[in-house]
Amino acid sequence: MNDHVRDLASVRDATERLLTAAAKLDDASVAEPSRLPGWSRGHILAHLARNADALVNVLEGRPMYASADARDTDIERDAPRPLDVQLADVRESAARFQATGAAPADWSRTVLLRNGVTDAASRVPFRRWVEVELHHVDLGIGYELEDLPEEFTEREIGFLAERFTGHPEVPPTRVTDGTRAWSTGRVATEPEITVTGRQADLLGWLCGRRDGSVLTTEGGPLPALPPL
């Protein structure tokens, strides 16, 4: 069972960590490239603000974004803003998300996300937590996958393993850090491939932030994962 109240608190804490770190930047460094191809740090901050508002829409029963084009247009529009404007927008949109999450609601209901994806309302706070933590890493300002909370890393590995489960292009795969294990890829009685490594490296591979070259594999080469 997803604990949306606890996850909302984790989102709040993660947002404060990001805002504190980003406040040390200046206007010039916000305009510099992030670790995401084609995006500046300003693009990431703009996306985080607009994503918070989009998830408010989801929780209130509206389309997440007016359209894919509108999502991209809004990010491009907001990316060049000065640092103080960016930080205020991230903080204020995060407060709107927290207020919506605190309102009485049926958290067992199914909600509609982008591209026809549905999920339980109770998992939306975790999805927001993912956005904040991974994009903090993407800013490239000293926060790395190794710095993520252990609970978050384990849950996100499980979340991504579930996402790729049943995918016809991913062989049946066992993912393990030597203590915990997750299954992903095509459903089969036994895995074809076992991928082993530190949790940060496993997460980096699964979420497309690392190439997986430090991971060890048995039974075949490291599976190529489809884009998220």
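The second largest pocket of this predicted model is lined by R35, L36, P37, V137, D138, E144, L145, G208, R209 and R210. A pocket is here an open set of points, on a 1 Å grid over the protein atoms alone, with protein on both sides within 12 Å along at least five of seven lines, and lining residues have an atom within 4 Å of a point. The volume of this second largest pocket is about 160 Å³, where a volume is the space filled by probe spheres set on the points, which are joined across faces, edges and corners; the probe is 1.4 Å. By class, its lining comprises 4 nonpolar, 1 polar and 5 charged residues. Ala, Val, Leu, Ile, Met, Phe, Trp, Tyr, Cys and Pro count as nonpolar, Asp, Glu, Lys and Arg as charged, and the others, Gly among them, as polar.

Residues are numbered from 1 along each chain as its sequence is written, and side-chain values use heavy atoms, with hydrogens and water left out. Local features need pLDDT of at least 70 and side-chain atom pairs count only at pLDDT 80 or more, whereas totals for chains, interfaces and linings use all residues.

The largest pocket has a volume of about 1000 Å³. It is lined by 35 residues, of which R114, R127, E131, R163 and L228 are the closest to its centre. Two or more lining residues come from each of α3 (41–59), α6 (124–138), α7 (150–164) and α8 (199–206); helices (H or I, at least four residues) and strands (E, at least two) are DSSP runs, numbered from the N terminus. The greatest contribution to this lining is that of α7, with 6 residues. The lining as a whole contains 21 nonpolar, 5 polar and 9 charged residues.

Two of these helices, α7 and α8, pack at an angle of about 40°, with their axes 10 Å apart. Axes are lines fitted to C-alpha atoms, for helices over the stretch in contact, and angles run from 0 to 180 degrees between N-to-C directions. The helix α7 is therefore oblique to α8, a class that holds the angles left when those under 35 degrees (roughly parallel), over 145 (roughly antiparallel) and 65 to 115 (roughly perpendicular) are set aside. The crossing of α7 past α8 is left-handed, that is, the near helix is turned anticlockwise from the far one by less than a right angle.

The model also contains an open sheet of 4 strands in the order β4-β3-β5-β6, with mixed pairing; two strands pair if DSSP finds at least two bridges between them. Because β4 (181–184) and β6 (216–218) stand at the edges with a single partner strand each, one side of each is left without a neighbour in the sheet. On average, neighbouring strands are turned by 20° against each other, direction ignored.

Strand β3 (residues 173–176) runs antiparallel to β4 and is joined to it by 4 bridges, with T173 opposite T184. These two strands form a hairpin with 4 residues between them, and G178 in the turn has a positive phi of about 95°. Strand β3 is also joined by 4 bridges to β5 (residues 193–196), and this pair runs parallel. In β5, T194 is the bridge partner of R174 and V195 that of V175. Finally, β5 and β6 are antiparallel and share 3 bridges, with T196 partnered by T216 in β6.
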